[in-house]
Structure formats: C-alpha cells, structure tokens
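Try each task before you read its solution.

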Amino acid sequence: MEEDNQPFFWIKSEGEKKLATENLVPGNQVYKEKLVVKKGIEYRLWDPFRSKLAAAIMNGLEEFPFENKTKVLYLGASTGTTVSHISDIVGPSGVIFGVEHASRVARDFLDRVASYRKNIMPILQDARKPSEYFSVFGKVDVVYVDIAQPDQTKIAIENCEMFLKKEGYLFLVIKTRSIDVTKSPKKIVDEEIDKLKSKFNILQTIDLHPYDKDHAIVIAKFKS
Ligand code: SAM
C-alpha cells in the first residue's frame with residue numbers, strides 16, 4: 001500500500017481495484033459494505049452506487065479537501081452512509097457535524113453510525129435554521145449539502161455564511177430532477193451555479209452518471 005495518511009485507498013477485491021477508506025472502528029459495518037484486511041489494516045469498501053461522494057471520486061473529482069483533522073458540516077446526513085466514510089477519513093481529531101431533520105432516519109444514523117464514531121456530532125435540526133444548531137463550534141473547512149430540497153442552494157449559502165471558513169469548500173449535490181421536471185439537467189445545474197457565483201469560485205461540476213443518474217455535484221470555494 002502507498003503512504004499511510006492518504007484519505008482513501010484502492011484495494012484489490014474480487015480481482016478489481018475498489019475504492020475504500022480505512023475503518024475508524026474495526027469490525028464495524030454501516031451499510032453491509034465489504035470489510036477487507038490488508039497488512040493488518042481493515043478497510044471498508046466505499047460503494048459509488050451508494051455514496052455520491054464516492055461517485056464524484058470515480059468520475060474525476062480534482063480537489064479532495066477531506067483529510068486527517070478536517071472539520072465538516074454535513075447537511076442531509078440521512079442514515080450516515082457517506083458520513084461514515086468521511087468519519088474514517090478525518091479521523092479522531094476531525095469532526096463531522098451531521099444535520100438531519102427526519103427523526104426516523106436520524107435514529108438510524110445515531111444507532112448505526114454516530115454512536116460508534118466519536119468524531120460525529122449528530123444534529124437533529126432543520127438545515128433551514130442554522131442559527132438553531134446547538135453544537136457547532138468554530139468554523140468548518142467543508143460544508144457538504146445533500147438535502148434534495150428545491151431551495152437547497154439558498155440553504156447551502158446560509159449555512160456557509162454562518163459556518164464555513166474563508167477559502168473553505170462547498171460540496172453541493174444537485175438533484176437535477178427535483179427542482180423542476182420540465183428543465184434539462186444542465187440548465188438546472190447552471191441556474192444553481194449562478195446563485196453561487198457572487199460568493200464562491202466554482203471549481204468543478206461532476207455528473208454522477210452511471211453511479212447515480214439524477215444528480216450532479218458542484219464543488220466551490222468560499223470567497224469570504
Ligand atoms: N447524504 C446522504 C448519503 O450520501 O448517505 C443521503 C442524503 S438523502 C438524499 C437527503 C437527506 O436530507 C434525507 O435524509 C432528508 O431527511 C434530509 N433532509 C432534507 N431536507 C432537510 C432539511 N431541511 N434539514 C435537514 N435534513 C434534511
């Protein structure tokens with residue numbers, strides 16, 4: 001294996017190189033992903049069909065700001081599939097504030113993910129009300145937004161204004177069919193990008209096909 005502090009790995013499994021993260025909680029599985037031990041280290045395969053961040057890596061993500069000690073505000077934690085891999089990456093000195101408003105989903109997130117991983121702070125709140133998050137302290141390096149709401153870009157911007165450090169990164173998942181079914185996906189993405197431009201430099205837009213056919217991710221850097 002290559003150097004030891006890299007964020008993710010390519011592990012040979014069933015004759016193919018597969019994306020993986022080093023398991024922060026050895027023996028612990030989150031979504032029935034395969035665990036692979038190499039040279040005494042346990043890795044969790046990271047499924048790009050289940051996690052849009054993994055799909056973005058597969059499709060050529062150029063800047064990866066998640067590393068050891070990174071602080072992340074994650075909106076739309078759901079049951080924690082992607083959050084769990086980010087938790088592996090940022091390690092015990094990093095932190096992920098995982099916001100989820102649906103209580104049933106949040107319960108699963110707590111029971112299956114957050115309770116095993118000390119670097120995850122679950123926040124059961126509406127991402128539309130960032131001033132009500134009780135436990136976010138200081139500024140974060142990355143805001144990751146995957147909430148599939150028509151006003152998600154506005155919500156993303158408000159959260160960044162409150163919690164993202166200058167030059168920090170925004171990862172915005174855009175559900176290209178949820179906002180307006182009559183518009184083409186490219187038009188939808190371009191319109192959301194236009195809303196970001198005054199406050200962010202747009203770095204990359206990644207179509208997640210074939211892993212996910214209805215989403216794109218926009219990666220942007222916060223100007224102030
Ligand atoms: N990011 C997750 C992953 O990769 O594992 C999947 C996220 S899922 C597509 C969207 C989640 O956002 C749902 O669990 C939903 O309950 C949550 N959500 C939607 N609107 C929200 C809001 N206003 N505040 C907080 N969570 C919200």
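This is a predicted model.

**Exercise 1.** Find what the buried residues of α3 pack against.

*Solution.* Start with the contacts. The buried residues of α3 pack against α2 (81-90), β6 (95-99) and β7 (120-123). Next, name those residues: A106, F109, V113 and A114 are buried. They share one side of α3, because their arc around the axis is only 70°.

**Exercise 2.** Sort residues of α5 into buried and exposed.

*Solution.* I188, V189, E192, I193 and L196 are buried. They lie on the same side of α5, because they cover an arc of only 135° around the axis. The face turned away from that side carries the exposed K186 and D194. The buried residues pack against α4 (152-163), β9 (164-175), β10 (200-207) and β11 (215-222).

**Exercise 3.** Is K32 buried or exposed?

*Solution.* First, locate K32: it is in the loop between β2 (16-22) and β3 (35-38). Then apply the cut-off: exposed means over 50% relative accessible area. K32 has 78% relative accessibility, so it counts as exposed. Finally, check the backbone. Phi of K32 is near 65°, a positive value in a residue other than glycine.

Technical notes
Residues are numbered from 1 along each chain as its sequence is written. This is a predicted model: local features need pLDDT of at least 70, side-chain atom pairs count only at pLDDT 80 or more; totals for chains, interfaces and linings use all residues. Side-chain values use heavy atoms; hydrogens and water are left out. Buried means under 20% relative accessible area, exposed over 50%, partly exposed in between (1.4 Å probe, protein chains only). Helices (H or I, at least four residues) and strands (E, at least two) are DSSP runs, numbered from the N terminus. The arc is that of the directions from the helix axis to the C-beta atoms. Contact means heavy atoms within 4.5 Å.
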